[in-house]
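I opened this notebook to record what I looked up in one structure. The entries below follow the order of my reading.

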Amino acid sequence: MKKDIRYLHTKKQRHEPITVLTCYDYPTACLQEKAGIDIIFVGDSVGTNILGYQSETEVTMADMLHHLKAVRRGVTDAYLLVDLPFAADRKPAQAVTNANLFVSHGADGVKLEGGIEKVPIIAALTEAGIETCAHIGHNPQIHGTKAATHGKTVAKAKQLIKAAGALTEAGAKLIVLEKITEEVSQLITESVSIPTIGIGAGRFCDGQVLVINDILGIGPAFKHAKRYQEYGSLTFEAICRYKEEVEGGDFPIDANVAHIAPDKLARVRKWLQLPESSVSNQRHPARQ
Ligand code: KIV
């Protein structure tokens with residue numbers, strides 16, 4: 001069953017947690033789909049997590065489209081969300097053009113960062129029939145990669161609650177709350193009709209999102225995330241073992257190779273005017 005926006009809103013009403021993970025490639029999309037993740041999200045965190053960029057501000061529309069196309073091929077039922085990258089949503093018309101490009105390549109909705117100043121953009125996208133996810137609190141495209149917690153003062157708490165209300169009013173269908181105090185995230189969750197998806201925003205959001213690299217144990221550990229696997233060290237170990245085995249002549253072995261029938265080999269050797277003999281394995285005596 002396709003998980004559309006109505007399905008996600010019903011989950012909020014029923015207090016059923018919504019699961020979201022970032023995803024940047026086809027095989028991971030297939031695994032997330034198989035696991036039943038609700039929202040598979042092509043985040044602009046692809047820049048720092050996959051492409052080796054220093055910041056989200058380096059990510060382009062072309063980068064996002066490339067990864068969206070790969071992830072799309074692995075998604076069947078999940079809601080496919082994609083980030084509008086830095087500077088792709090400055091003007092309403094520009095945001096609509098860019099969002100439409102993603103929708104034409106299979107996105108179900110687009111996410112954009114920013115507070116109350118993004119109301120006209122969300123309104124224009126909604127008017128154009130595009131489903132949007134707002135994103136308040138820490139905004140890497142605006143605040144950089146160093147994330148401070150938002151919503152610690154009365155003024156900031158009020159500002160966040162007002163922004164969430166205005167973005168919802170403008171037509172946002174989902175909202176990400178990033179690095180916001182748990183209490184303020186809970187107040188926002190209770191005050192808006194749309195699902196809140198938290199990252200570093202505590203236990204009371206309607207859903208949770210994490211960066212796939214962070215749950216797999218690739219790269220540094222973060223307080224807001226949990227490492228469910230040590231993929232980084234497991235991968236490094238596999239690479240080292242492969243290198244050692246190739247250098248030591250232990251890979252490939254006979255089980256990994258294919259052969260030509262001896263009579264055919266003899267005919268090829270004859271054609272090459274080589275003497276009759278078996279294939280030499282002198283360079284790699286360990287192979288058999
Ligand atoms: O791009 C991303 O990974 C995000 C999440 C942090 C929500 O925007």
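Source. I worked from a predicted model, in which local features need pLDDT of at least 70 and side-chain atom pairs count only at pLDDT 80 or more, while totals for chains, interfaces and linings use all residues. Residues are numbered from 1 along each chain as its sequence is written, and side-chain values use heavy atoms, with hydrogens and water left out.

Sheet. I looked up the strands (DSSP runs of E, at least two residues, numbered from the N terminus) and their pairing (at least two DSSP bridges between two strands). I found a closed barrel of eight strands in the order β1-β2-β3-β4-β5-β6-β7-β8, with parallel pairing. I then examined β1 (residues 18–22) and β2 (residues 39–42), which run parallel and are joined by three bridges. Leucine 21 stands opposite isoleucine 40 in β2.

Helix α1. Helices are DSSP runs of H or I, at least four residues. Just after α1, histidine 15 takes a positive phi of about 60°.

Rings. I recorded that arginine 90 lies over the face of phenylalanine 86, at 5.4 Å from the ring centre; the criterion is CZ of Arg or NZ of Lys within 6 Å of the ring centre and within 35 degrees of the ring normal.
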